[in-house]
Amino acid sequence: MQSTSSSVSCPVADVICRTLELGVHITGAHITGEDVTVIEATPREPLGYCPDCGAEGQLRDHVIRHLTDVPITGHPTRLHVRLPRYQCVHAQCRRTIFQHQLDAAEPGAKTTNRATTWILKRLIHDQMSISTISRALGLGWDLVNHLATNAAKSLIYAHPDHLAGVRVLGIDEHCWKHVRGQGKDSFATIFVDLTPLIDGTGRARLLDVKAGRSARVVTTWLQERSPAFRDGVKVVTMDGFAGYHTATTESLPESVPLMDPFHVVQLAGQKLTACRQRLQQHIHGHRGRKKDLLYQGRRTLLTRRSLLNKRGTDRLERLWAEHDDHIALEVTYLVYQDVIDAYQHPDRKTGRRLMQKVIDQLRRGLPHGLEELAQLGRTLWRKRAQVLAFFERGGASNGPVEAINGRLEHLRGIGLGFRNFGHYVLRCLLHSGQLSNRVNAL
């Protein structure tokens, strides 16, 4: 064991270890057999005033308070602070003995405040796992996870600006685990603030994650929010799930539900794929094989026209000319491209007119053989208000919500799965809640 000790403070060591910000001076240090750095310290300005009556106390003795601090040079650190204890001399005071209280740690805590902040920064900035952080601090997994979850709750739910200024709200479903038979729903609903993205002031941020995917989940979450929050939400982006739309219209009657381009184009693409697969079975009597032209063009059909090269264009021309029944696929393909063109048009008014034209055309009677287009037409007509709202509300989209959904999938992969949904929610908020500025301000 290597050790150094002295009765006076060491200014150089205070600067290197940054103990001045803790309000203590280093008086000694040693390394234990477990490769833990132990720093001995004393308060810079001991306060001997009773916290109850305010009278100056009489020095009684000293006690050593053991605290876990941030790692130094990659090794766990323990802070042993020699604190003076005083005896209150006020006769009518209920407190007889009190000790100097450190600002660097909460009363009764075993970890400094900056160590807790260090844990949050490692989780947010470096995306480290709890096990890696626990090894760096020399603490148990449960303790580090307890510190992280409590700090996250205070940082997120107790922060006054957590739900402030939300005008554009995104809602989507999320699969938080792929293990069945554990008595819990595998799906959750995520709520995302898209306002910074629309205003150009920042990125989308995750607001909350709730277990389940239903109208009741969304309704309950919205009713738990304040009336000021509900009144401030003007646009709600979502996919085509009817439950989310029902909950939004009931809880936020003044807001505009919006079905974003991603899901509308995806829906049209699914109908195009369904038409190709139906023709494949009808003409060839089997699923697509690599020499079948219908199978070879599966990706080309889903590519935007302006992005096709000569090879792709030639493949489509051969596809249209291969069989007379391919006319149904060609018509469905043209509608799919018209939907893309409506969203890609630089003028929102013109784009809305193009989309309205597509909806009206599909609303009219379609000839036999266009079953997929008929299904698409019924869906677009039923949700026409949500679809057209995109062109009227500044181009708000659920695309950033899907991006956050992907980040949460990555988080689940980093953690090799989660069993506790509450812990998973807090990790999601730390991972995608844009909390860096709040943590840096601690």
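Modeller: First, a term we'll need: a nonpolar core is a set of buried Ala, Val, Leu, Ile, Met, Phe, Trp, Tyr and Cys residues joined through side-chain atoms within 4.5 Å. Keep in mind that this is a predicted model. Its largest nonpolar core has 80 residues, and the ones touching the most other members are Ile119, Leu206 and Met355. Helix H13 (residues 327-344) gives this core its largest share, 9 residues. In soluble globular proteins, nonpolar side chains do tend to be buried together.

Let's zoom in on Met355. Setting aside neighbours within four places in sequence, Met355 is in contact with Val339, Ala342 and Tyr343, and also with Val387, Leu388 and Phe391.

Now over to strand S10, residues 235-238, which is covered on both faces. Val235 and Thr237 are buried on one side, and Val236 and Met238 are buried on the other. S10 pairs in the parallel sense with strand S7 (residues 168-175) over 3 bridges, and there Val236 is the bridge partner of Leu169. S10 also pairs with strand S11 (residues 256-259), again in the parallel sense, over 4 bridges; in that pairing Met238 stands opposite Met259.

One last stop is His431, which sits in helix H18 (residues 421-432). His431 counts as buried because its relative accessibility is 9%, and the cut-off for buried is under 20%. Beyond its neighbours within four places in sequence, His431 is in contact with Gln127, Arg407, His410 and Leu411.

Key:
Residues are numbered from 1 along each chain as its sequence is written. This is a predicted model: local features need pLDDT of at least 70, side-chain atom pairs count only at pLDDT 80 or more; totals for chains, interfaces and linings use all residues. Side-chain values use heavy atoms; hydrogens and water are left out. Buried means under 20% relative accessible area, exposed over 50%, partly exposed in between (1.4 Å probe, protein chains only). Helices (H or I, at least four residues) and strands (E, at least two) are DSSP runs, numbered from the N terminus. Two strands pair if DSSP finds at least two bridges between them. Contact means heavy atoms within 4.5 Å.
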